[in-house]
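I opened the notebook to keep a record of what I looked up, one topic at a time. Each entry says what I searched for and what I found.

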Amino acid sequence: MKRVLLALFLISFALPSFAQTRIEVTEGVIEPLPIAIPAFVAETPNAAGLAEEIRTIVAADLVGSGLLREIPREAHISQISGFEAPIQFQDWRVINATALVTASVSLSTDNQMVVKFRLFDVASQQALGKGLQFVAPQGTWRRIAHKVADSIYTRLTGEGPYFDSRIVFISEEGPKNARKKRLAIMDYDGANIRYLTGADDIVIAPRFSPNAKEVIYTSYETGQPSIFVMDVDSGSKRQLTTLPDMLFSPRFAPDGRTVVLSQSRGGNTDLFRLDPFTGDSNQLTVSAAIDTAPSFSPDGSQIVFESDRSGGQQIYIMPSTGGEAERISFGDGRYGTPVWSPRGDKIAFTKILGGEFYIGVMDIDGTNERLLTRSFLDEGPTWSPNGRVLMFFRETAGANGAPNLYSVDITGLNLRKVSTPFFASDPAWSGVLQ
Amino acid sequence: MDIGLKISAALHVVLILLALFGGQIFRADDTPPDVVTTVSLISQGELALLAQPQEASQPLQSPPNTQPETAEENDDPVLPEGVPDEGVAASEDNLGELVAEEPDPEVKPEAADVITNEVNEKPDPVVQEAPVETQATEATEGEDQPDEAQEATQQEATTTEIVTEAEEAAPTGAPVRTAIPRARPERPIPEPQPETEIVEEQPDTAPELSVEDQIQAEIERALEQALATEPSTEPAGNSDQGDPSPVPLTATEANALIFNIQSCWSLPVGMQNLAELTVVLGIDLNPQGFVDGTPSLVEPSSLGRPGIQQAYDAATRAVLNCQPYNLPVEKYDAWKQLEIVFNPEKMVNR
């Protein structure tokens, strides 16, 4: 008997334990990832200045996203002597770099530029993804810098790219009571600004075509608000339709084959679909209210718009071919200028409550409303191509009040003013350039 | 006779109890059953899975082992090759128009070498790459937007040189990654050891044999085995065979470890699907509290889902940046292998 018990006792010890200690971490820190971007190596003597300019743009893009923080170059222990030189990871780890960018730039005599870069994870001492090489004319160095930054940003954050994109907006000059408004286009960071219309035209509400090669907008040049489409490169423009009514808020569908707009007739404003090639139109909403500010869902199947059909200005969603509209905003105050996120999961909007304006986001069923900004006048949100950032304009109060462009992360963090030569309003973000 | 009968009856009872509750008794209290299946026992299917992508997993594990310090560049290629996940694929797709990959499957070299070789080998790199560029640009223009004259700024072209393999990256992407850092090879390799397996399998096998015979055989075998391996009474250490069940970490010790790691865990909030980016990392620790090898992705089974690559990276960074871990040496057996769940659900609306 004793032997048996002993055996059983020993069996319990002899059985191997498969115990695996498992712990769960549910809280983390919220802070930008520290990244080291040492000087880019100039592989040809004439590329030194260019290498530094590209590095500066890459760093500005990444830091501007709010998700990364650059470790000051004065803190660097190592330098990158050559693109292929071994990396002293310990030197980068000591200064708490999470990621390290190495890059080189060379310039041929015919001004052809070669930019190579790699991204490393310092802790694991491994390359993240593939290194890339861009060959392009020197004149495109800013776009190449944005593309390098997009690659790094995408790999580190999991978000889509957005630095290589453009903004079309209304540039405003002069005193408040006699302001001249011009249609303008620029890189997302305010560089390479170009004016598309003269100072005598009154233009409002520009939007890009899906391939960002055209801009559709409302102009008063015919004496009443009409819809025009302009080719961004050539500057040539055409009036989309000669309908006698006042037309506002035109937007291209994601496939570029349809335009939806507001048509004001006898004091009533409804949404219409318009074929931009034939000029054929059909009415989408029939109500005694003002239906305007439409925005397509990314798949083009639905439209979100604002309407005061229930008394106050609210946000509604309806099929893009027409049909019953469903109200999604039910909070206090009024809601306007809804814009569907390129991700498809959120609607950005302007909210007016208690004499103040807010930019906010909500899920497409109206839940999870979050207000991101608040001021005397914040209006007209537009999404970055990756659905992570919103740009809008903020107008200051008073006789000298004027609008400027701002961007904010969808977390509500990282509010930044976008630098423009003059006042600016009504921004619209393109997709990532092709 | 009576005694024999009683013994037999008692043993029957014991055996039945063992069959019913043995799993729970001999299992660590806080270990969920699926952990045991996934971690300790590797089925033939899993083994086959592991065997399949062996080419991918090899390079992934080898680099850290081979030359950690001297040839950092050797590490470069390894990850790129083994990381054809969604995130990377997406970013490279975006650049795809500008990028031409240089396939050379044979040459084992790393991305770094490829760049060098390529640049060096080509008599005049600039001239040679220009065609690649135009070709790439034309291709995309054709596909994406049949367009009129491109502005000069849009004519840039690119090449990826860096990657070594001529892989059909798209289709193989996710599965290849499955084989990633499985950092604990020894344990899973399954040669069916009756002594250990039986306890768990018993409910199935017991009825087939004569119970008494089985009990006798069991007792003899267990006795032999237990006596052979028995008395290692000193607490922890290098106990590869027959170690006593490890003394678990106390709640305080485990909490300290969690607090330590969460101070190093930084995940970009605001990601679209943050709540679904829970990852479980498996790590091996040496007695000094440093991570041995590359942390492995225990769950999910692949990096294919968008964002999982970044979640895995963030978790790996947290684990590596927080080392060494100051844990009680006498309980080494309890923490030499850890599974750490990184669950960002609570960080969603930060």
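Before anything else I noted what the element names mean: helices (H or I, at least four residues) and strands (E, at least two) are DSSP runs, numbered from the N terminus. This is a predicted model, in which local features need pLDDT of at least 70 and side-chain atom pairs count only at pLDDT 80 or more, while totals for chains, interfaces and linings use all residues. Residues are numbered from 1 along each chain as its sequence is written, and chains are lettered from A and ligands numbered from 1 in the order in which they are written.

**Entry on two residues with positive phi**

I looked up A:Asn192 and found it in the loop between β10 and β11 of chain A. Its phi is near 55°, which is a positive value in a residue other than glycine. I noted beside this that most residues other than glycine have a negative phi. Is A:Asn192 buried or exposed? I used the rule that a residue is buried if 20 or more other C-beta atoms lie within 10 Å of its own, exposed if 12 or fewer, and partly exposed in between, with C-beta atoms placed from the backbone. A:Asn192 has 12 other C-beta atoms within 10 Å, and therefore it is exposed.

I then turned to A:Asp426, which is not a glycine and has a positive phi of about 55°. A:Asp426 sits in strand β32 of chain A, and it is buried because 25 other C-beta atoms lie within 10 Å.

**Entry on the sheet that holds β32**

I traced an open sheet of four strands in chain A, in the order β11-β10-β9-β32 and with antiparallel pairing. At its edges stand β11 (194-195) and β32, each with a single partner strand, so one side of each is left without a neighbour in the sheet. For pairing, I kept to the rule that DSSP must find at least two bridges between two strands.

Going through the pairs, I found that strand β9 (residues 166-173) of chain A is joined to β32(A) by five bridges, and that these strands run antiparallel. In that pair, A:Ser171 stands opposite A:Ala424 of β32(A). Strand β10 (residues 180-187) of chain A pairs with β11(A) over two bridges, again in the antiparallel sense, and A:Ile185 has A:Arg194 in β11(A) as its bridge partner. I also checked how covered strand β32 (residues 423-429) of chain A is, and seven of its seven residues are buried.

**Entry on parallel pairing around β2**

I looked next at strand β2 (residues 33-36) of chain A, which runs parallel to strand β4 (residues 68-70) of chain A and is joined to it by three bridges. The bridge partner of A:Ile35 in β4(A) is A:Glu70. Strand β5 (residues 99-107) of chain A also runs parallel to β2(A), with two bridges between them, and here A:Ala36 stands opposite A:Leu100 in β5(A).

**Entry on A:Val339**

I found A:Val339 in strand β24 (residues 334-340) of chain A. A:Val339 counts as buried because it has 25 C-beta neighbours inside 10 Å.

**Entry on chain B**

I counted 14 helices and four strands in chain B. Of its 350 residues, 35% count as buried. The bond from B:Glu299 to B:Pro300 is cis, with omega near -5°, and B:Pro300 lies in the loop between β3 (291-299) and α13 (308-322) of chain B. The bond from B:Gln323 to B:Pro324 is also cis, with omega near 0°, and B:Pro324 is found in the loop between α13 and α14 (332-335) of chain B.
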